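Q: I have this one open in the viewer and would like to talk it through. Can we start with a single residue and then go wider?

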Amino acid sequence: MTKKGVKISLEKGLQNQIRDFFKKGLEKGVFDAVILPVRVPGKDSYAWILMNNAKLIDQANPVPPVMPVQGAKALKALTRKGNGIINVATIMRSCEIRAAIELSKLNQVNLEKITLVSYDCPGAVPMKGYNRIPEEMEKSFQNALAGKDFANDKMKEVCGICVDFANSPADLHFGFAGMENDGILFSNSDKGTAILDTLKMKCSEDDSQWKNSVNIIKEQKSKNRIEVYKSIQPEVEGLDNLQTTFAKCIGCHNCQSVCPICYCRQCYFDSSASKQTADYLQDKAKNRGGIGFPRDKIMFQVGRMAHMSLSCVSCGQCMDACPVDIPVAKIFSYVAAKTQDTFEYHAGTTADGAVPLKVYKQDELNKIHELIKNAEPQGSQHE
Amino acid sequence: MSDWQPKILAILCNWCSYAGADLAGVSRLQYPPNIRVVRIPCSGRVDPLFIMKAFQTGYDGVLVSGCHPGDCHYLSGNYFARRKFAVIKPLMEFIGLEPDRLQFSWVSAGEGERFSEVVTKVTKDIQKIGPITKMVKGV
């Protein structure tokens, strides 16, 4: 199905084009404020800023090379307690949009007055590499963006296996993959269409060329994905391997605090309920021949897998934040693929619907039915 | 090891399976003494973490039992429980626990006999798998 979009020229560069779009939007009043990433004074990171004047927009960098704070967390901070009276627009990477969509399904973000805009994401540079040599990284990212290079190895590892880099249910999307000097801006929702109408932007351009190139890149990325899953499997599957991989974990719980999906006010593993008495631990150590500290390294990860893997968008923030370089994001991506497949669910890719654990059908999951039947004594008469 | 007996945590819903277990008791039906019962309001209350925690603490098996689909006291709790089971199974495979250590069943309040059959069957299954070493020996 082909869609019509607005043809945009990329001569001035994508960043400028996006800035212009937001300025025009503010001018015409389609939204009253925008949230954009602005480079911090120290020049080694970016911060989300809520702003409403054109001068500030000029200082913003709508497509930053790094993702220090997952955009969904910024939206969560803004709308956790409901909407304000103004309309706010923001531009984010696909994974940030998808996380925001998941959070809205979990009632943690209210998207009613938020306009989401996304773009073909070339990936994000890992924060650890960026803050050491920001200028170099900045340059290489801008080159990747201008050269439409979607398989740059300077990006995060999970970006290399991201098949949704151009696929999110954002209201508006800037596409430019595989197009020469132009880009295409199209709408995915009624809200988006209304905005394009008010701004008098004509949808004349066909999106088939863009779509084709996205599909080609997607295919390559899904191949990489299978390779990466294959390589990670022997490292993490089975408890022994998992323990080897997480042996160096320092229990800082950074992976949880940067995760956009982990929204609980207090995690069980940070609560006093998970702490044990000296007697209990000494007894355990005696039975097992020894126990390690900090406690619950694996249980913490298994708990997180059970609680959030169904909504995991593989943004890679956990891996970025890990001080001891455990490939957390790859492991979660691998597990999330398994658990989401059970429900044929793909986190954040559709704006409507609910998360799998909030809905049910009366007749479903026949495999599980089989399992339940297996647990039943043979010749059981009940039906 | 020949006298090893499995320890099984039975998480039973208050309205059906727990009453079923009660009926098995008052009917003086025999079943293996390997289960330790936890009564919960609804099988939908079972968090995947409860089950993992049980294995970590050293239980050899976990049995979760609720009302039959459609008979839930809270109308739909057991359907949600079924969805949660579907998440736990791939996770158990992932961490390398035998999936059969975790078993589910639907037992209603009138099925005392069935409860004793289920417990017998589950105990036998877990006896076959043997004691849990993976979660326990580790760090």
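Q: Where does G13(A) sit?
A: This is a predicted model, and in it G13(A) is found in the loop that runs between β1 (4-9) and α1 (14-28) of chain A.

Q: And why does G13(A) count as partly exposed?
A: G13(A) is classed that way because it has 13 C-beta neighbours inside 10 Å, while a residue needs 20 or more to be buried and 12 or fewer to be exposed.

Q: What separates G13(A) from Q142(A)?
A: Along the chain they are 129 residues apart, and their C-alpha atoms are separated by 10.0 Å.

Q: OK, zooming out, which domains does chain A have?
A: The domain assignment gives domain 1 (4-226) and domain 2 (228-367) of chain A, with 28 Å between their C-alpha centres.

Q: How many residues are in contact there?
A: In chain A, 31 residues of domain 1 are in contact with 25 residues of domain 2. On the side of domain 1 of chain A that touches domain 2, α4(A) gives the most, with eight residues, and by class that side has 15 nonpolar, six polar and 10 charged residues.

Q: Switching to confidence, what is the mean pLDDT of chain B?
A: The mean for chain B is 91, and 94% of its residues reach 70 or more. Among the elements of chain B, helix α5 (residues 134-137) has the lowest mean pLDDT, 62, whereas strand β1 (residues 8-13) has the highest, 97.

Q: What ipTM does the predictor give the complex?
A: The complex is given an ipTM of 0.90, together with a pTM of 0.93.

Methods:
Residues are numbered from 1 along each chain as its sequence is written. Chains are lettered from A and ligands numbered from 1 in the order in which they are written. This is a predicted model: local features need pLDDT of at least 70, side-chain atom pairs count only at pLDDT 80 or more; totals for chains, interfaces and linings use all residues. Domain bounds come from an automatic or database domain assignment. Two residues are in contact if their C-beta atoms, placed from the backbone, lie within 7 Å. Helices (H or I, at least four residues) and strands (E, at least two) are DSSP runs, numbered from the N terminus. Ala, Val, Leu, Ile, Met, Phe, Trp, Tyr, Cys and Pro count as nonpolar, Asp, Glu, Lys and Arg as charged, and the others, Gly among them, as polar. pLDDT is the predictor's confidence in each residue, from 0 to 100.
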